[in-house]
Amino acid sequence: MKKVVVATALAVMCSGAAYAGTIERACLGSERAAGNRALCGCLQLAANSTLDANDQRMAARFFKDPHMAQEIRQSDNAGHAVFWKRYKSFGSFAEATCR
């Protein structure tokens, strides 16, 4: 438990651009976030809690190409279907925690 608290504290303290994760960097670079560091940092923490590194790379691509999310959601690929379930969980968690 202590390791989790320390890791979370470090993630919060190191949420600057030099230490930003995949989701945070994509968010900060998007037009919609308009450089909102607090929101983008929160989204990264939510992603760290719900998505693995591969999922985060896929989700980060949605910031540049939102239509890609629709393509993944509607894909017949079984891997995309499994990813989409995890991505929806990320979205629900982020919505609840990043207000």
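Predicted model: local features only at pLDDT ≥ 70, side-chain atom pairs only at ≥ 80, totals over all residues.
How do the residues of the lining of the second largest pocket divide into nonpolar, polar and charged? The lining holds four nonpolar, two polar and four charged residues.

## Overall architecture

The protein contains six helices and zero strands. Read from the N terminus, its elements follow the order α-α-α-α-α-α. The protein has 99 residues, of which 30% count as buried.

Among contacts joining residues at least 6 apart in sequence, 50% link residues at least 24 apart.

## Helix H2 and its buried face

Helix H2 spans residues 22-29, and its buried residues are Ile23, Glu24, Ala26 and Cys27. Viewed down the axis of H2, these buried residues fall within an arc of 165°, so they line one face of the helix. An α-helix has 3.6 residues a turn, so residues three or four places apart point the same way.

The cover over the buried residues of H2 includes helix H3 (37-50) and helix H4 (53-64).

## Disulfide bonds

The model has two disulfides. Numbered in sequence order, the bonded cysteines pair as 1-2, 3-4.

The link is left-handed, with -70° about the S-S bond. Both Cys27 and Cys40 are buried.

The other disulfide connects Cys42 and Cys98, again with S to S 2.0 Å. Cys42 lies in helix H3, whereas Cys98 lies in the segment after helix H6 (78-97), so the pair ties together parts that are 56 residues apart in sequence. The torsion about the S-S bond of Cys42 and Cys98 is about -90°, so this disulfide is left-handed. Cys98 has a relative accessible area of 15% and is therefore buried, the cut-off being under 20%.

## The largest pocket

The largest pocket has a volume of about 340 Å³. Its lining comprises 16 residues, and those nearest the centre are Arg32, Leu43, Phe62, Phe63 and Tyr87. The elements that give two or more residues to this lining are H2, H3, H4, helix H5 (66-74) and H6.

Which element gives the most to the lining of the largest pocket? H6 does, with four residues. By class, the lining of the largest pocket has 13 nonpolar, two polar and one charged residues.

## The second largest pocket

The second largest pocket has a volume of about 190 Å³. It is lined by Ala26, Gly29, Ser30, Glu31, Arg32, Ala60, Arg61, Phe63, Lys64 and Pro66. Of these, Ala26 is one of the buried residues of helix H2. Arg32 and Phe63 line this pocket, and they are also among the residues nearest the centre of the largest pocket.

H2 and H4 each supply at least two residues of the lining of the second largest pocket. The largest share, four residues, comes from H4. The four charged residues in this lining may be set beside the one charged residue in the lining of the largest pocket.

Conventions:
Residues numbered from 1 in each chain as written. Heavy atoms only, no water. Buried < 20%, exposed > 50% of the residue type's maximum accessible area, 1.4 Å probe, protein only. Arc of directions from axis to C-beta. Contact = heavy atoms within 4.5 Å. Disulfide = S-S within 2.5 Å. 1 Å grid on protein atoms, 1.4 Å probe; cavity = no way out; pocket = protein on both sides within 12 Å on 5 of 7 lines; lining within 4 Å. Points joined across faces, edges and corners; volume = space filled by probe spheres on them. Nonpolar A, V, L, I, M, F, W, Y, C, P; charged D, E, K, R; others polar.
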